[in-house]
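Q: Hi! Could you walk me through the aromatic side chains in this one?
A: Happy to, let's bring it up.

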Amino acid sequence: MKLTILTLFPEMFPSILNESIIKRAINNNLVEVNLINFRDFATNKHKTVDDTPYGGGAGMLLQVEPIYRALKSIPGSDTALKILLTPQGKLYNQSIAKDLLDNEHIILVCGHYEGFDERVRDYIDLEISIGDYVLTGGEIAALAIMDSVIRLIPGALGSEDSYIHDSFYEDSLDYPQYTKPREFDGKKVPDVLLSGNHAEIAKWRENQKQKRTKERRPDLLKKTQQ
Ligand SMILES: C[S@@+](CC[C@H](N)C(=O)[O-])C[C@H]1O[C@@H](n2cnc3c(N)ncnc32)[C@H](O)[C@@H]1O
């Protein structure tokens with residue numbers, strides 16, 4: 001899989017890309033990540049890529065031309081899935097993350113300032129929001145999407161693809177988990193987890209999963225009943 005990020009702030013990415021599971025997935029050639037600064041595609045000598053909005057109003061808007069030129073410069077951009085990060089997009093969730101995995105090449109376009117010229121939308125396949133709040137720029141949204149997709153690539157999490165036990169994999173939350181010590185501050189690990197009885201442990205976990213989802217996210221259970 002290939003991920004290309006169009007951003008004015010490529011230096012925001014390396015610290016995340018050079019750590020842990022993401023770093024290993026890149027080193028193992030499970031994913032290739034390319035960062036493109038669309039300021040390099042500015043058409044004026046001062047390399048500006050933003051301007052004031054027609055009709056007036058606060059802030060600056062990203063211009064369409066540098067983004068268009070940057071998109072056109074990417075090999076395979078015609079067939080890649082081009083995603084725009086915007087609070088006005090489709091609300092991101094685990095099911096979209098799973099669907100994105102089917103794409104060989106995804107291009108993520110990060111906005112900034114007050115956003116972008118509306119005509120940018122004409123060169124995009126999908127608009128995604130990571131939540132009903134407004135970020136300063138699309139970089140954090142792009143990183144969240146990249147991270148959540150990369151960990152689903154077969155082999156990215158190591159030998160066992162443990163994401164199948166994660167919250168949201170099956171419209172439910174994960175069950176409670178414990179590790180050593182057996183007792184801390186008077187709080188004990190549930191006996192069943194120490195019993196060695198795998199059938200009983202699986203039953204307990206399934207019950208806990210249902211209970212937790214019902215308490216915290218009943219909307220997820222309603223989804224499976226639809
Ligand atoms: C300050 S925001 C602009 C918001 C824009 N004026 C609006 O209300 O739709 C700047 C950029 O941050 C990114 N952004 C902000 N919130 C986001 C969110 N919830 N999901 C995805 N991207 C977001 C987008 O790329 C956006 O163009």
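A: One term to begin with: buried means under 20% relative accessible area, exposed over 50%, and partly exposed in between (1.4 Å probe, protein chains only). By that rule tyrosine 163 is buried, at 12% relative accessibility. This is a predicted model, where local features need pLDDT of at least 70 and side-chain atom pairs count only at pLDDT 80 or more, while totals for chains, interfaces and linings use all residues. Residues are numbered from 1 along each chain as its sequence is written, and side-chain values use heavy atoms, leaving out hydrogens and water.

Q: Thanks! How many aromatic pairs does a search of the whole structure find?
A: Two. Rings of Phe, Tyr and Trp (its six-membered ring) pair if their centres lie within 6.5 Å; planes under 30 degrees apart are stacked, over 60 edge-to-face, the rest tilted. Tyrosine 68 and tyrosine 123 are edge-to-face, because their centres are 4.9 Å apart and their planes at 65°.

Q: And is tyrosine 68 buried or partly exposed?
A: Partly exposed, with a relative accessible area of 33%. Tyrosine 123 is partly exposed too, at 35%.

Q: What about the pair with tyrosine 163?
A: Tyrosine 163 pairs with tyrosine 169 in a tilted arrangement, 5.7 Å centre to centre with 50° between the planes. Tyrosine 169 has a relative accessible area of 25%, so this residue is partly exposed.

Q: Switching topic, which residue lies over the face of tyrosine 169?
A: Lysine 98, at 4.3 Å from the ring centre. The criterion is NZ of Lys or CZ of Arg within 6 Å of the ring centre and within 35 degrees of the ring normal.
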